[in-house]
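Biologist: I would like to learn how to read a few features of a protein model. Could we start with what it takes for a charge to sit over a ring?

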Amino acid sequence: MSPFDAIRGKVTARQVAESCGLKIGRNGMACCPFHNDRHPSMKIDTRFHCFGCGADGDAIDFISKYCGLSLKDAAIRICNDFGIAYDTGHYAPPARAKPAKTDTQVFKELEDYCYRVLSSYLRLLKRWEKEYDPRDADDEWHPYFCEALKEISHIEYLLDTLMYGDISDRASLIINCGKKVKDIERRFKLINPGNNRDDN
Ligand SMILES: [Zn+2]
């Protein structure tokens, strides 16, 4: 924040004029310090204006003129006198928009996402295959076991494609299986809340 911004709306011309010892009447009129004024001809409130010499401005202008300071030094002086915090050392340039992702980056992210979800799913399927393995020939097959039998080789194939396929195979996998991957991810959250991350 600049000292100008810090002062804006906080300190009136009247306040700084009074701090300089200027006598201001109840009607807000004062003898103008900028010309030889015998009868009060300066109206002073938020800003000041002299009907005699035309001097005009705000608190910063007043101090600048009255003390012979640059506008910036006047502003700093007001900040100091009135205990206003400002920091000229931290000029923050306007935040720059993030550069748009390139197509390659988007593709890579989708690829990584598919790989993450599918490899988690594969591990889950392999666990189901063991855990729900029917003990006896008469046991009814658990749906998870059926799903494992049905899906494992397919998911392995998809993961192989993602790892070793050429770009067009990988791209068509992402396009064709995007919805399936999303559905799997959603199911993970239902089945294994908090355990759907795969950092491998
Ligand atoms: Zn004047």
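Modeller: A charge sits over a ring if NZ of Lys or CZ of Arg is within 6 Å of the ring centre and within 35 degrees of the ring normal. This is a predicted model. In it, the charged end of K65 lies over the ring of F34, 5.3 Å from the ring centre.

Biologist: Which aromatic cluster includes F34?

Modeller: F34 forms one aromatic cluster with F48, F62 and Y66.

Biologist: How is a pair of aromatic rings described?

Modeller: Two values are given: the distance of the centres and the angle of the planes. Planes under 30 degrees apart count as stacked, and over 60 as edge-to-face.

Biologist: How many aromatic pairs does a search of the whole structure find?

Modeller: The search finds eight aromatic pairs. One of them joins W128 and Y144: the ring centres are 3.9 Å apart and the planes are at 5°, so this pair is stacked. W128 belongs to helix α5 (residues 103-131) and Y144 to helix α6 (residues 143-164), so the pair ties together parts that are 16 residues apart in sequence.

Biologist: Are W128 and Y144 buried or partly exposed?

Modeller: W128 is buried, with a relative accessible area of 2%. Y144 is partly exposed, at 24%.

Biologist: How are the rings of Y132 and Y144 arranged?

Modeller: Their centres are 5.3 Å apart and their planes are at 80°, so the pair is edge-to-face. Y132 is in the loop between α5 and α6, and Y144 is in helix α6, 12 residues apart. Y132 is partly exposed, with a relative accessible area of 27%.

Biologist: Now the metal. Which residues coordinate the zinc ion?

Modeller: The zinc ion is coordinated by C32 (SG), H35 (ND1), C50 (SG) and C53 (SG), at 2.1 to 2.3 Å. In sequence, these donor residues are spaced C-x2-H-x14-C-x2-C.

Biologist: Why does the pair of C32 and C50 tie together parts that are 18 residues apart in sequence?

Modeller: C32 lies in the loop between β1 (29-30) and β2 (42-44), while C50 is in strand β3 (residues 48-50), so the pair ties together those parts. C32 is buried, with a relative accessible area of 4%. C50 is buried too, at 1% relative accessibility.

Biologist: What are the ideal angles for four tetrahedral donors?

Modeller: Ideal angles for four tetrahedral donors are 109.5 degrees. In this model, the angles among the four donor atoms of the zinc ion are 103 to 117°, and the site is tetrahedral.

Definitions and conventions
Residues numbered from 1 in each chain as written. Predicted model: local features only at pLDDT ≥ 70, side-chain atom pairs only at ≥ 80, totals over all residues. Heavy atoms only, no water. Donors = N, O, S within 2.8 Å, 3.2 Å for Na, K, Ca; no water. Tetrahedral: all angles 85-135°; square planar, octahedral: opposite > 155°, others 65-115°. Helix = DSSP H or I, 4+ residues; strand = E, 2+ residues; numbered from the N terminus. Buried < 20%, exposed > 50% of the residue type's maximum accessible area, 1.4 Å probe, protein only. Phe/Tyr/Trp six-rings, centres within 6.5 Å; stacked < 30°, edge-to-face > 60°.
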